Amino acid sequence: MSARRPIIAANWKMHKTHLEAIQAVQKLSYLLDEGDADRVEVVVCPAFTALRAIQTLIQADRLAYALGAQDVHPKDQGAFTGEVSAPMLKALSVRYVIVGHSERRQLFGEDDAVVNEKVRAVFAHGMTPILCVGETLQERDLGNTEERVAGQVRAGLAGVNPSDAERLVLAYEPVWAIGTGRNAEPSDAGEVIGLIRATVGKVFGDAVAAAIRVQYGGSVKAGNIRDFMAHPEIDGALVGGASLDPEELALIVKYRT
């Protein structure tokens, strides 16, 4: 069994007001005990409007959860209406920032260069990026999975210091398995995550590759989390829709019990 501590990150996307977010975290804290938090690192990534509320709740109630943000702008400040910078997130005790999510790449046109800027901005302010990579259905059918995913990893981590890379979290999102009717099996995910780890090893060395955690991020739910986590290469999950329900999220975190 890997010595890497599993990490479950709840990506709430554009859901939940700050009041709804508070209620969800409070219910989650009721459903989880200290042992669950010791075994698994739980990261809650609400919308920007709820970050302050969840920060206050975590600190006031001494909850064993990490606060995460769903995106960041690569610049520290400037005339970028509607954007949120890394220093702003750091001031709210954010520890993790999702970078390069497939929705950001596909819906908002973020390319590898932009993703890399964001990764370096997150590291520069002492936070940890959750770098998302993954291939589309067309890329997979053409046999381009290795080229695409390894390329995203190399481009996303260009210019990153090895000392920072050690605390990196990567998330493999098989875009081809989201909303297409095709499912990714644990063996599929494990094979690509092995490729991701090997790519990191070629850039930063075997020690860094062995230390980083790689999540699976494709339609994870309570009914399949155990199968994915049984694969030795998979260190956790980036959970979307299923994480909106505290009871479902609690079952995902408790996958070992």
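This is a predicted model: local features need pLDDT of at least 70, side-chain atom pairs count only at pLDDT 80 or more; totals for chains, interfaces and linings use all residues.
Student: Why is Asp-71 called buried?

Tutor: Buried means under 20% relative accessible area. Asp-71 has 7% relative accessibility, so Asp-71 counts as buried.

Student: Why is the contact of Arg-104 and Asp-71 called a salt bridge?

Tutor: The criterion is a side-chain nitrogen of Lys or Arg within 4 Å of a carboxyl oxygen of Asp or Glu. The N to O distance for Arg-104 and Asp-71 is 3.4 Å, so the pair meets this criterion. Arg-104 lies in helix H5 and Asp-71 in the loop between strand E3 and H4, so the pair ties together parts that are 33 residues apart in sequence.

Student: What makes Arg-148 and Asp-112 a salt bridge?

Tutor: Their closest N and O atoms are 3.7 Å apart, and the limit is 4 Å. This pair links helix H8, which holds Arg-148, with helix H6, which holds Asp-112.

Student: How do you know that the span of helix H6 agrees with its number of residues?

Tutor: At 1.5 Å a residue, the 13 residues of H6 should span 18 Å; the end C-alpha atoms are 18 Å apart, so the two values agree.

Student: How do you know that strands E5 and E6 pair?

Tutor: Pairing requires at least two bridges. E5 and E6 are joined by four bridges in the parallel sense, so they qualify as paired. Within this pairing, Val-133 stands opposite Tyr-172 in E6.

Conventions
Residues are numbered from 1 along each chain as its sequence is written. Side-chain values use heavy atoms; hydrogens and water are left out. Helices (H or I, at least four residues) and strands (E, at least two) are DSSP runs, numbered from the N terminus. The expected span of a helix is 1.5 Å times one less than its number of residues. Buried means under 20% relative accessible area, exposed over 50%, partly exposed in between (1.4 Å probe, protein chains only).
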